[in-house]
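Visitor: I'm new to this one, and I'd like a close look at a single part: the place where the two chains meet. Could you walk me through it slowly?

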Amino acid sequence: MKFGILVNEGPYNHQASDSAYQFAKAALEKGHEIFRVFFYYDGVLNATRFSEPPTDDRNVIKNWQKLAEQYSVDLVVCVAAGLRRGIVEDSLAPGFRISGLGQLIEAGIQADRLVAFGD
Amino acid sequence: MEEEDFAGGVVKKFMYVNRKAPYGTIYALEVLEMVLISAAFDQDVHLAFLDDGVYQIKKGHNPSGLGMKNFSPTYRALEGYDIEKLYVEKESLEERGLTEADLVVPVEVLSRADMAALMAEMDVVLSA
């Protein structure tokens with residue numbers, strides 16, 4: 001199956017990003033396709049390159065990056081939501097790209113299922 | 001338009017489910033931004049208002065004391081984007097002592113059961 005994933009909450013404060021990551025990883029390992037992961041609302045904060053969690057904690061941002069490297073997953077951050085929250089090209093972690101909300105609508109159209117993570 | 005190329009002639013039923021009060025969190029405002037963008041894609045767009053989400057389209061917002069912009073006029077502008085399928089859950093209105101006359105836009109009022117049935121027909125449901 002071809003999945004689109006929407007992450008609506010930031011890292012650490014909320015489990016949404018962890019759950020989305022676990023879901024994406026499991027789907028890819030089972031041979032499914034992830035058309036795109038789109039980050040919206042505070043979800044854009046998952047793309048910051050300035051996050052440095054304690055070493056005994058999981059690194060939410062690096063988890064996404066590693067998944068993107070291994071499976072060429074398209075990680076897209078909403079430009080408008082990002083601008084509000086200080087996520088711009090200069091603050092972007094490797095593996096993420098910034099684009100418009102049209103990329104989310106496209107994921108809704110192209111994917112068999114769009115799965116949203118958040119409240 | 002680039003946006004239209006994305007769709008490739010596919011029209012899906014999108015539903016934006018609004019469950020939260022208009023101010024206090026940013027969800028209502030940023031959902032509206034999603035809705036406006038999706039208008040460019042010629043998709044079959046539906047908006048649902050339930051729980052405290054019904055307050056998003058209540059008349060008489062005045063959030064100036066919060067330092068926030070009143071974005072409720074945007075709901076009235078949706079018609080200009082051919083977004084006219086607005087649904088409100090009957091129980092949510094009643095629980096809050098509201099009626100259709102309290103709302104800034106024309107809507108179709110559905111029972112909770114009918115709203116669930118409508119959601120089940122959708123291809124993409126985005127809730128906030």
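Guide: Here is a walk through the contact between the chains, followed by a look at what stands behind it on either side.

Some ground rules: this is a predicted model, where local features need pLDDT of at least 70, side-chain atom pairs count only at pLDDT 80 or more, and totals for chains, interfaces and linings use all residues. Residues are numbered from 1 along each chain as its sequence is written, chains are lettered from A and ligands numbered from 1 in the order in which they are written, and side-chain values use heavy atoms, with hydrogens and water left out.

Start with who takes part. Chain B brings 22 residues to the contact and chain A brings 21, where contact means heavy atoms within 4.5 Å. Together the two chains bury about 1800 Å², and 60% of that is on carbon and sulfur atoms. (Buried area is the accessible area, with a 1.4 Å probe, that two parts lose on being put together, summed over both.) On chain B's side, Phe6(B), Glu30(B) and Met34(B) supply 32% of the area that chain B buries against chain A, more than any other three residues.

Now for the charges. There are three salt bridges between chain B and chain A, a salt bridge being a side-chain nitrogen of Lys or Arg within 4 Å of a carboxyl oxygen of Asp or Glu. In one of them Glu30(B) pairs with Arg84(A), with the closest N and O atoms 2.7 Å apart.

Which pieces of chain B do the touching? Helix H1 (2-7), strand E1 (13-18), helix H2 (27-38) and strand E5 (124-127) of chain B each give at least two residues to the side that touches chain A. The largest share, eight residues, comes from H2(B). (Helices, H or I with at least four residues, and strands, E with at least two, are DSSP runs numbered from the N terminus.) Sorted by class, that side of chain B has 15 nonpolar, three polar and four charged residues. Here Ala, Val, Leu, Ile, Met, Phe, Trp, Tyr, Cys and Pro count as nonpolar, Asp, Glu, Lys and Arg as charged, and the others, Gly among them, as polar.

Step back to chain B as a whole. Five helices and five strands make up its secondary structure, and along the sequence they follow the pattern α-β-α-β-α-β-α-β-α-β. Of its 128 residues, 45% count as buried, which means under 20% relative accessible area, with exposed over 50% and partly exposed in between (1.4 Å probe, protein chains only).

Chain B also has a salt bridge of its own, joining Arg96(B) and Asp52(B) at 2.8 Å, N to O. Arg96(B) is in the loop between helix H4 (90-95) and strand E4 (108-110) and Asp52(B) in the loop between strand E2 (44-49) and helix H3 (73-77), so this pair ties together parts of chain B that are 44 residues apart in sequence. Arg96(B) is partly exposed at 22% relative accessibility, and Asp52(B) is partly exposed too, at 32%. Back across the boundary, salt bridges that share partners link Asp42(A), Arg84(A), Arg85(A), Glu30(B) and Glu33(B) into one network.

Finally, chain A has Arg36(A), which is buried with a relative accessible area of 6%. Its side chain meets that of Glu106(A) in a salt bridge (2.8 Å, N to O), and also that of Asp74(A) (2.9 Å, N to O).
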